[in-house]
Amino acid sequence: MMPVMGNVQEMFYDQTRAPASLGPESAEWMWKQIREFVMKYFMRVSSFREPDTHTDTANPVPPPALARLSWCPQPEKGGRRGFGFCQLFFKRACSDIVEAFPSYDQFAIVDQREVGKTYEWIVLRVRILDFNVSTRLFGHNGPELVFGANEQSYLVTHEAFINHNDHPLPGVLGDYGIGYAFIRNPVQGPFGYGPGEFDAAIELINFRVYKTGYISVRMVFIANRPTRIANLTIDPLSWSFGLADAFSFGLASRLLSPAKNFFNQLPLRFTLDPASAYVAGANLISGGAAAHTLCISIEQLEKFFLLQHFKQHYQTMVGSLLTWRQIPDWLDEKNLPPWVISGISS
């Protein structure tokens, strides 16, 4: 048995703005539009940019020593929000060969209606843009530590996660959704839990179109409960040789190579989880009062993770709504902007 946690968030997405005199045709038009958008284009346009200050190329460039004092607007580096998907590998239906997507086609995520027909499964990578982890170890008035996680996860999509149903219920025109399971990253990162570090997790994003033209989106996320929060590697041997190399311009590693190989075989390298240790230590010293009175507990960290997940997905949905509304006709593929077709924007 694996202890799990998760959340379900359902929110309003959009509403047909056509006059009621048009009758059911207006809702059916919206139905066909959202079906095409969700199944074919949503994963291509799920990242976006927020408004930024216009940067005049004529602005003076301050000397490096004074750059931090300058008030001149500077272009924002990165500045993207939401989810950035790219497809890496696939296996065709009725085939035993695993193939790779060409680099020029990695961001043009395939129509999810082809999963189960053309493709048995697809491996993707998603980068959660602008994903920051912050904490205040000494309460709300204490200093805040913010870590730019820059996390990414490997995913696998399969027809079991895809939802493509017309008229599933009375009063509902269609249910359309994407979904995937998470694959644990092969390389250990600084975080013991979170994007790329789940032992097991699934995500479902489902849109529902009603006969009234009302559209809702429902997101389901389930993951294992954390056994580790952070990974702090203690490696005194590598630190010592690194310091020696810094003072000897790399000569120490060459001269002491036999000794280094010998010490590398000894169990001198280990990993700590400072976050879990802090929680355990605080409750040990206080006899459990830290958890009951100050909410210093693993359970509170779990709630924090789910809250971050909720906010990230809410922001992604709001951003995608602006993209959804700016295209007049999602079924008119010949007139769609190139960045919608390719999944690549500036």
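This report walks through the fold, the core, one hairpin and the salt bridges of the structure above.

The model is predicted, so local features need pLDDT of at least 70 and side-chain atom pairs count only at pLDDT 80 or more, while totals for chains, interfaces and linings use all residues. Residues are numbered from 1 along each chain as its sequence is written, and side-chain values use heavy atoms, with hydrogens and water left out.

**Overall picture**

The protein has eight helices and 14 strands; helices (H or I, at least four residues) and strands (E, at least two) are DSSP runs numbered from the N terminus. Of its 346 residues, 40% count as buried, where buried means under 20% relative accessible area, exposed over 50%, and partly exposed in between (1.4 Å probe, protein chains only). Take the contacts (heavy atoms within 4.5 Å) with a separation of 6 or more: residues 24 or more positions apart account for 68% of them.

**The core**

The largest nonpolar core has 54 residues, and those with the most contacts inside it are Tyr13, Ile34, Phe37, Ile205, Phe207, Met317 and Trp324. A core here is a set of buried Ala, Val, Leu, Ile, Met, Phe, Trp, Tyr and Cys residues joined through side-chain atoms within 4.5 Å. Elements giving two or more residues to this core include β1 (4-15), α1 (24-41), β11 (201-210), β12 (214-224) and α7 (298-326). The largest share, eight residues, comes from α1. Leaving aside neighbours within four places in sequence, Met317 is in contact with Met11, Tyr13, Phe42, Ile205, Phe207, Val217 and Met219.

**Around β11**

Strand β11 has partners in β10 and β12. Nine bridges join β10 to β11, which run antiparallel, and β11 and β12 also pair in the antiparallel sense over nine bridges. (Strands pair if DSSP finds at least two bridges between them.) Tyr180 has Glu203 in β11 as its bridge partner, and Phe207 has Val217 in β12. The β11–β12 hairpin has three residues between the strands, and there Gly213 takes a positive phi near 90°.

Is Ser216 buried or exposed? Ser216 is buried, with a relative accessible area of 4%. This residue lies in β12 and, not counting residues up to four places away in sequence, touches Glu10, Met11, Tyr13, Asn206, Phe207, Arg208 and Tyr210.

Over in the loop between β8 (152-158) and β9 (163-166) sits Ile162, buried at 17% relative accessibility. Ile162 and Ile178 are 16 residues apart in sequence and 4.9 Å apart in space, C-alpha to C-alpha.

**Salt bridges**

The count comes to 12 salt bridges, each a side-chain nitrogen of Lys or Arg within 4 Å of a carboxyl oxygen of Asp or Glu. Three of them are tabulated here.

| Pair | N to O distance |
|---|---|
| Arg325 – Asp14 | 2.7 Å |
| Asp166 – Arg35 | 3.5 Å |
| Arg208 – Asp175 | 2.8 Å |

Arg325 lies in helix α7 and Asp14 in strand β1, so this pair ties together parts that are 311 residues apart in sequence. Arg325 is partly exposed at 47%, whereas Asp14 is buried at 5%. Asp166 lies in strand β9 and Arg35 in helix α1, so that pair ties together parts that are 131 residues apart in sequence. Arg208 in β11 and Asp175 in β10 are 33 residues apart in sequence; Arg208 is partly exposed at 22% and Asp175 is buried at 6%. Salt bridges that share partners also join Glu36, Asp111 and Arg113 into one network.
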